[in-house]
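Please keep the sequence and the structure in view while going through them.

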Amino acid sequence: MTLEERKEKVKKLRAEGYNCAQAVVMAFSDLTGLDDATAAATAAGLGGGVGGMKEICGVVTGMTIAYGLITRAPASEKAKVYSQVRQLASRFKDLNSDRMLCRELKAPGAAKSCNALIEEGVEILHHHCTID
């Protein structure tokens, strides 16, 4: 799937009511091997900063879940996985004034919509895992 196809998919998913984490995980179903229903169920509780608590952004948790499913790394590669996840989160923070918490990203006057943040996350993970 191309980056543009992934971006179109997340727009459609958001219009259907899926949360940020669900949209990100579902955008990578071609690489994770999950059908959309399973991907949606996996990330259902992570929207709104984990259960609506405004903690870590669902885009970041969605990228983390998708990355884990894409790589399917064994426990012996935990350090490598953690390093890669830190890189993904760092790229997201670089684009968002060093912010990764939902309450900070969505504070009054926030410049980006959730949909824009989702597209950023999709782009980050796409470039990390694929080549068009």
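1. Cysteine 20 is buried, because its relative accessible area is 9%, and buried here means under 20%, exposed over 50% and partly exposed in between, with a 1.4 Å probe and protein chains only. The model is a predicted one, in which local features need pLDDT of at least 70 and side-chain atom pairs count only at pLDDT 80 or more, while totals for chains, interfaces and linings use all residues. Residues are numbered from 1 along each chain as its sequence is written, and side-chain values use heavy atoms, with hydrogens and water left out.

2. How many disulfides does a search of the whole structure find? The search finds zero, a disulfide being a pair of cysteine sulfur atoms within 2.5 Å. Cysteine 20 is in no disulfide, and the nearest cysteine sulfur, in cysteine 57, is 5.3 Å away. The sulfur of cysteine 102 also has that of cysteine 57 as its closest cysteine sulfur, but the separation of 6.1 Å is too far for a bond. Cysteine 102 counts as buried, since its relative accessibility is 9%.

3. Helix H1 (residues 3-15) packs with H2 at an angle of about 145°, and their axes are 9 Å apart. Helices (H or I, at least four residues) are DSSP runs numbered from the N terminus; axes are lines fitted to C-alpha atoms over the stretch in contact, and angles run from 0 to 180 degrees between N-to-C directions. The crossing of H1 and H2 is right-handed, that is, the near helix is turned clockwise from the far one by less than a right angle. On the H1 side the contact (heavy atoms within 4.5 Å) is made by Arg6, Lys9, Val10, Leu13 and Arg14, and on the H2 side by Cys20, Ala23, Met26 and Ala27. These residues comprise six nonpolar, no polar and three charged, where Ala, Val, Leu, Ile, Met, Phe, Trp, Tyr, Cys and Pro count as nonpolar, Asp, Glu, Lys and Arg as charged, and the others, Gly among them, as polar.

4. Helix H2 (residues 20-27) also packs with helix H4 (residues 36-43), at an angle of about 145° and with axes 8 Å apart. This crossing of H2 and H4 is right-handed. H2 contributes Ala21, Gln22, Val25 and Met26, and H4 contributes Asp36, Ala39, Ala40 and Ala43. By class there are six nonpolar, one polar and one charged residues in the contact of H2 with H4.

5. Apart from neighbours within four places in sequence, glutamine 22 is in contact with Ala40, Ala43 and Ala44.

6. Threonine 32 belongs to helix H3 (residues 29-32) and is buried, with a relative accessible area of 2%. A polar atom of its side chain lies 3.2 Å from the backbone nitrogen of leucine 34. With neighbours within four places in sequence set aside, threonine 32 is in contact with Ala66, Leu69, Ile70 and Arg72.

7. Histidine 126 is found in helix H8 (residues 114-129). Histidine 126 counts as buried, because its relative accessibility is 0%. The side chains of histidine 126 and arginine 6 are joined by a polar contact of 2.8 Å. A polar contact is a pair of N or O atoms within 3.5 Å; within protein, one must be able to donate a hydrogen and the other to accept it, and residues adjacent in sequence count only if both atoms are side-chain atoms.

Key:
Helix = DSSP H or I, 4+ residues; strand = E, 2+ residues; numbered from the N terminus.
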